[in-house]
Amino acid sequence: MTYLTRAVFAGASLLLLLAAVALIGFGVKDALEAMRAPDQSGADAVLDVLGYVIVAIAVFDVAKYIFEDEVRRGNEKRSAAEARRSLTKFLSTIVIALFLEALVVVFKTAREDVALLIYPTALLIASVLVLVGLGAYQRFSATVEEKVGGDDEAEDRKDKAKRKAGA
């Protein structure tokens, strides 16, 4: 069952990787077509490509996260610190992508209709809330690690001793 699970996660991460590459390709294709059109602004085309690339980076990072945590490592036991670092790296990329996408939408909306700036502003606020949530998670988990850190190491030593005894 472990091999089947790893194969499914590997397939999913490969599909996400291909989707990220396709997003970049379609973004560049659309931008080139928009720049050739006489009625389109080149700046709008560049902003569209930025949006595609930002989403592609976020999708790629999700694929990388799935591959590293589920395919490469599998079900092996991880310490609380390692899980915190892994989740923090993943969420940091998502937060950066959210901020960048919000900035792109702000610029596009400001060029078209300033009255619609409420939507990119809401996206910026959501990004800030995710960042604050990540900070709170970091703080609370670091506090727990200080209290339980020795217990994680003791569990690791017990697991290693069991493996040596069984070998």
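How far apart are the end C-alpha atoms of helix 3, and what span should its 33 residues have at 1.5 Å a residue? The end C-alpha atoms of helix 3 are 47 Å apart, which agrees with the 48 Å that its 33 residues should span at 1.5 Å a residue, the expected span of a helix being 1.5 Å times one less than its number of residues.

Before going on, note that this is a predicted model, in which local features need pLDDT of at least 70 and side-chain atom pairs count only at pLDDT 80 or more, while totals for chains, interfaces and linings use all residues. Residues are numbered from 1 along each chain as its sequence is written, and side-chain values use heavy atoms, with hydrogens and water left out.

**The whole chain**

Begin with the whole protein in cartoon view, where there are 4 helices and 0 strands, running α-α-α-α from the N terminus on; helices (H or I, at least four residues) and strands (E, at least two) are DSSP runs, numbered from the N terminus. Switch to a surface, and the accessible area comes to about 11100 Å², of which 67% belongs to carbon and sulfur atoms, as computed by the Shrake-Rupley method with a 1.4 Å probe, where for residues only the protein chains shown count as cover. Of the 167 residues, 21% are buried, where buried means under 20% relative accessible area, exposed over 50% and partly exposed in between (1.4 Å probe, protein chains only). Among contacts (heavy atoms within 4.5 Å) between residues at least 6 apart in sequence, 75% join residues at least 24 apart.

**Helix 1**

Select residues 2-36, which form helix 1. Helix 1 has 35 residues and reaches 51 Å from its first C-alpha to its last, close to the 51 Å expected at 1.5 Å a residue. Its buried residues are Ser 13, Ala 20, Gly 27, Ala 31 and Ala 34, and what covers the buried residues of this helix includes helix 2.

Stop at Ser 13, which has a relative accessible area of 6% and is therefore buried; leaving aside residues up to four places away in sequence, Ser 13 touches Ala 63, Ile 66 and Phe 67. Then move to Arg 6, also found in helix 1, which at 27% relative accessibility counts as partly exposed. The C-alpha atom of Arg 6 is separated by 6.5 Å from that of Glu 70, although the two residues are 64 apart along the chain.

**The largest pocket**

Next, select Asp 61, Lys 64, Tyr 65, Glu 68, Asp 69, Arg 73, Glu 82, Arg 85, Ser 86, Lys 89, Phe 90 and Thr 93, which line the largest pocket. The elements that give two or more residues to this lining are helix 2 (42-72) and helix 3 (80-112), and helix 3 gives the most, with 6 residues. By class, the lining residues divide into 2 nonpolar, 2 polar and 8 charged, where Ala, Val, Leu, Ile, Met, Phe, Trp, Tyr, Cys and Pro count as nonpolar, Asp, Glu, Lys and Arg as charged, and the others, Gly among them, as polar.

Beyond residues up to four places away in sequence, Asp 61 touches Lys 89, Phe 90 and Thr 93.

**Back to helix 3**

Finally, colour the buried residues of helix 3, which include Ser 86, Phe 90, Val 95 and Val 104. Two of these, Ser 86 and Phe 90, also line the largest pocket, on a grid of 1 Å over the protein atoms alone, where a pocket is an open set of points where a 1.4 Å probe fits, with protein on both sides within 12 Å along at least five of seven lines, and lining residues have an atom within 4 Å of a point.
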